[in-house]
Protein chains: 2
Amino acid sequence: MTIISDLDSLTNHIIDFEPIGRTGKCHDNESILACANRIGLGISSVCGERGTCHTCRIQILSGISSEPAPSEIEAFSPQELADGWRLACQVYPHGNCRLNIPAESMTTAQRLQVEGLEATVTPEPVIKAYHLRLSVPSLDDPQADADRFLETLNRKYGQHCTRIDIDVLRTISSRLRALNWECHATVRNEEVIAIGPWPSRQLGLAIDLGTTKIAGYLVDLSNGRTLASQGLINPQVSYGDDIISRISAVIKSPDSGATLKRLALEALNALAVSLCAGIGAKVEEIVDAVVVGNTAMHHLLLGLSVEQLALSPFTPVVRHALDIKAREAGLHIASGAFVHFLPNIAGFIGADHIGVLLATGISSMEGPVIALDIGTNTELSLVNNGKIMAVSCASGPAFEGGHIKHGMRATRGAIERFRIKNNEVQYQTVDEAPPVGICGSGIVDTIAQLYLARIVDERGRIKADHPRVRTDNNEREFVLVDKQKRHPTITITQRDVRELQLAKAAIRTGIQLLLEMNGFSEKHIEQVVIAGAFGSYIDISSAVTIGLLPSLPLHFFRQVGNAAGMGAKMALVSLAKRKEAQDIASRTHYVELTSAPNFKQTFIETNRIGRYRINHGRKEELD
Amino acid sequence: MTIISDLDSLTNHIIDFEPIGRTGKCHDNESILACANRIGLGISSVCGERGTCHTCRIQILSGISSEPAPSEIEAFSPQELADGWRLACQVYPHGNCRLNIPAESMTTAQRLQVEGLEATVTPEPVIKAYHLRLSVPSLDDPQADADRFLETLNRKYGQHCTRIDIDVLRTISSRLRALNWECHATVRNEEVIAIGPWPSRQLGLAIDLGTTKIAGYLVDLSNGRTLASQGLINPQVSYGDDIISRISAVIKSPDSGATLKRLALEALNALAVSLCAGIGAKVEEIVDAVVVGNTAMHHLLLGLSVEQLALSPFTPVVRHALDIKAREAGLHIASGAFVHFLPNIAGFIGADHIGVLLATGISSMEGPVIALDIGTNTELSLVNNGKIMAVSCASGPAFEGGHIKHGMRATRGAIERFRIKNNEVQYQTVDEAPPVGICGSGIVDTIAQLYLARIVDERGRIKADHPRVRTDNNEREFVLVDKQKRHPTITITQRDVRELQLAKAAIRTGIQLLLEMNGFSEKHIEQVVIAGAFGSYIDISSAVTIGLLPSLPLHFFRQVGNAAGMGAKMALVSLAKRKEAQDIASRTHYVELTSAPNFKQTFIETNRIGRYRINHGRKEELD
């Protein structure tokens, strides 16, 4: 029996389902579709797994699998097969596999937070729009079309322009004639960047390009109103969940840099098309764009070197804001438009954090105020009296569900809330679907509840003496959900708890050291602003309970959603906000956390679960 | 016998050899190579016409010919055959054909004038170069590479820059590290456009893009010295000899516009490579460029619409000067460099004429001074007291050897000088080679000599009573050169004389009307500046004799060679000259010649051969 069980485990392959981020085990004689369904991931299939409906298309990114079945050879071109495209109902893994499940093959969609603060900004766009009616050329007045255009603009509106974008110039003669010499001119600084029929909309695109998620907003530049918003998974996740694995991919093979750039651009261009389709607009009507993202995303998108980001002293290529022609950036909007990239702060704190500081308005607060955006990499800054100090914490993928046995991103079926009441477990899943795994906010809740129930102690050890604690593969784990027909067993293991302790210690250390470097302790904090998707869904009291966040009254915390995207939107509609962003960047001083003298000591102290404060290096117990 | 002769003429195909511009007749059973050799065009062949050496490669641009022989199928790829590539020794025409004889298949090369005035301009380049040594980033000083670069530039040289070209930014981090943080920075306005090793040259490229010929100059921007110069045939000639036929090609098929653009760019890029190879430089060392050309060439190169140029009121897309990134223009020099296009004047007077006015310095003369650049289209301007009036004359292709029975461009074997002395003919050919045909300056000489010898009268009629006058195909012609073993018969026909009369009347009418519109007569002219290749080789006294040029003492004429190219070089090395060019453009008033009230009358009067002046509409005989 033991032998058979061992054999059995040998043919148990680990399947990594991307971009959802869920892993599962699969037998040699179990199809990918069957495996996905068993662990609760919804892959489309309507033909009863006969390989005829072609709705379960997936892509094998790496790993060995069965040879293509005749139905698969029929379903895909040779190139698609070479690229790893398969039918999930026909393919059997012969080893560990990493898969890409495209959105259209899923019955569920990932929850992507695009909502954030809706701050009101007085539109003061970089773009100006004019209605022009030109005189028609004649033998007596044979002026060049472009010169006639610029002269009319100057005479009628006092708008002096020195340049017409070369792509606009390439079509100006035919367009003016087609429009019967009446048109809409879009001007940026002293350059004509677009010509269209009169009247036409002036649309702007704001993008928050995250490591995992991309959020896009289509904005009416004339009034600053958001016309459409949408999120999607960054397709670069197939090259690694975190920044470091993507940079490593580039270091290993320079071609990967081009591929990562292309993937991001394709996603942004698809997003622009989709946002426009939603309001019946064309992408050519987008005449301005602002992009925020962390420094690595910024660099990969622009085709800048990322190698040096991964090596001490982690130098970014560029920190100041950039204005790049859309076509040079590869963005398919009005060809003459510019894309504005907000400034970066450092190699691991990017323009997205500038976006947060901009959107929340805290950069102008007296302080001390803490702003943090929790993710695989957590950006953290302390605002005090006009000065900003920023650090970056390597918090790891635990809050995105990574390195957690049943961890997953916040998609349908992810446990996002967890309570123990009267020794009974209660949980809530995304979309109230049957539980499939557990996402970041669920993990934080679970550890907090286990700690409060004294099932996990302050050192993070799971105690054996609870009916829901069991041992599997020599490891203790707490069973959140028992296996049922519609879903698998979901547990939190001892290793999961350790993983979370490291993640939360990294962040809490950052907060602590930032305070110390500025001569403060936690009691001085006036506000903690929490940005980002994870930060919005997190239960603050759970986060305080486990010691992820400082022990402050709940009203000290402000969850602001996708503030980075909101910052991008503000900069999109307001020139003043772009200047403010540059001002914030120049006021922000980056500090390398790991070189602080107290780093190691603080990291050890903050590893503890529970509520506490650290004042001048001494921990005050609060429980 | 008559019938046979007719049949014979039916199988006599007209072969148009491009880019030389020579035509010849060919029998069905005569190879292209044999035909070319018979009319004196040197096409390479070393295998005795057995199709094995492949040196006689030619391209059939249009027309029907024999099916490819086995040796041709061996010599070319299917794509090449589809594109019309053949071996001249194996292909027999079955109808009129238009051929492209590439330079490498010719034993002779066309004379391309690249020399011009060598005016001395104080270099005041648009480009500045700096030697930078940067501090190396560390954990204590983790500044972004680009910010460190700009800050050093500002601190060390007071050179404030706001931008780094995106392509430079894409490589700045790896380059700075490879160069060990010491480099050469090239700055244009407030933008860093190139980074290279220290020291490195700052090269500039000046281009005169003519309808027929392209001249290129490689210039050291630090001292204004010309390091290399080279000419080549504009490959667009395969789409027509003159501007109008190329525009027609675009109107017929919009794809032709893209093809014409590509052909010109390929030629410019090849020219840059060749110029650089000559001095052991790389094209990436070229950090600035200036292009002049007529308006159609300018528009085609930039991908602007040309359709409207051919339709009244002949409106150019743009008149003002343009600065376009080299990569946007398609020019393979330093990627971040700009190409400066001097301003145009009108649809048929381009930046090349601005170049002439700039290089000759006449735009600042008191005047009245006439400047003309003779070609298929002749640009003509009158400078008077700070004002410039310009007209365009449709002089046609006669001066390039077009529409002339034995006409050809000024390549090896072209008769370029002709005299009748003591009733004996004397001639001089290009390279003193056996005569092949007659080029523009030879035609002017011949007509002048025939007029002085009273073989042609003032109305242009060839008289019958001369031993060298014969009748061929019912047309009188004067035999310049008798057929010999090494060369064919070369004649000037009655139709050739008419062709020349129309051409010279067009130009003389332009001069006359320009004077009249400004209240002058020819006797007021202080100087006539003649630019361009044809204008340099022309015998001024012959040109005056036939009435092409006004009857003024010879010292009133100044032949300045390729002044357009020289103007491009001046603008390349001097910002002041670019400003002056823009100033010249704004002071130049274009007049549509054909709408002048006296146009028709003057055109008829100036059709006459001989020396004369026209004052206030009255012709003064001077003979």
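This is a predicted model: local features need pLDDT of at least 70, side-chain atom pairs count only at pLDDT 80 or more; totals for chains, interfaces and linings use all residues.

User: How many salt bridges sit between chain B and chain A?

Analyst: The count there is 2 salt bridges. In one salt bridge across the two chains, the side chains of Glu328(B) and Arg327(A) meet at 2.8 Å, N to O.

User: Which residues are linked in a network with Glu328(B)?

Analyst: Glu328(B) is linked by a network of salt bridges with Arg163(A), Asp165(A), Asp167(A), Arg170(A), Glu191(A), Lys325(A) and Arg327(A).

User: OK, zoom out. How many residues of each chain are in contact?

Analyst: 37 residues of chain B are in contact with 37 residues of chain A. Between them the two chains bury about 3200 Å², with 58% of it on carbon and sulfur atoms. On the chain B side, Leu139(B), Arg170(B) and Glu328(B) lose the most area to chain A, together 20% of what that side buries.

User: And how many residue pairs are in polar contact across that interface?

Analyst: The rule finds 16 residue pairs there, both residues at pLDDT 80 or more.

User: Which elements of chain B give two or more residues to that side?

Analyst: Helix 5 (145-157), helix 6 (166-178), strand 14 (322-325) and helix 10 (326-329) of chain B. Helix 6 gives the largest share, 7 residues. By class, the side of chain B touching chain A has 18 nonpolar, 10 polar and 9 charged residues.

User: Now inside chain B. What about Arg262(B) and Glu266(B)?

Analyst: Their side chains meet in a salt bridge, 3.1 Å from N to O. Both residues lie in helix 8 (residues 254-278) of chain B, 4 residues apart, about one turn of the helix.

User: Why does that spacing matter for which way residues point?

Analyst: An α-helix has 3.6 residues a turn, so residues three or four places apart point the same way.

User: What do the side chains of Asp457(B) and Arg461(B) do?

Analyst: They meet in a salt bridge at 3.0 Å, N to O. Asp457(B) is buried, at 14% relative accessibility, whereas Arg461(B) is partly exposed, at 38%.

User: And Glu522(B) with Arg508(B)?

Analyst: Those side chains also form a salt bridge, 2.9 Å from N to O. The pair links distant parts of the chain, 14 residues apart: Glu522(B) is in the loop between helix 13 (494-517) and strand 25 (527-531) of chain B, and Arg508(B) is in helix 13 itself. Both Glu522(B) and Arg508(B) are buried.

User: Switching to chain A. How many residues of helix 12 are buried?

Analyst: 12 of its 13 residues, so to speak mostly covered. Among them are Ile443(A), Val444(A), Ile447(A), Leu450(A) and Tyr451(A). Helix 12 of chain A covers residues 440-452 and reaches 18 Å from its first C-alpha to its last, close to the 18 Å expected.

User: What follows helix 12?

Analyst: Arg454(A) follows, with a positive phi near 60°.

User: Last one: where does Arg468(A) sit?

Analyst: Arg468(A) is in the loop between helix 12 and strand 22 (469-472) of chain A. A polar atom of its side chain lies 2.7 Å from the backbone oxygen of Val479(A).

Technical notes: Residues are numbered from 1 along each chain as its sequence is written. Chains are lettered from A and ligands numbered from 1 in the order in which they are written. Side-chain values use heavy atoms; hydrogens and water are left out. The expected span of a helix is 1.5 Å times one less than its number of residues. Buried means under 20% relative accessible area, exposed over 50%, partly exposed in between (1.4 Å probe, protein chains only). Contact means heavy atoms within 4.5 Å. Buried area is the accessible area (1.4 Å probe) that two parts lose on being put together, summed over both. A salt bridge is a side-chain nitrogen of Lys or Arg within 4 Å of a carboxyl oxygen of Asp or Glu. A polar contact is a pair of N or O atoms within 3.5 Å; within protein, one must be able to donate a hydrogen and the other to accept it, and residues adjacent in sequence count only if both atoms are side-chain atoms. Ala, Val, Leu, Ile, Met, Phe, Trp, Tyr, Cys and Pro count as nonpolar, Asp, Glu, Lys and Arg as charged, and the others, Gly among them, as polar.
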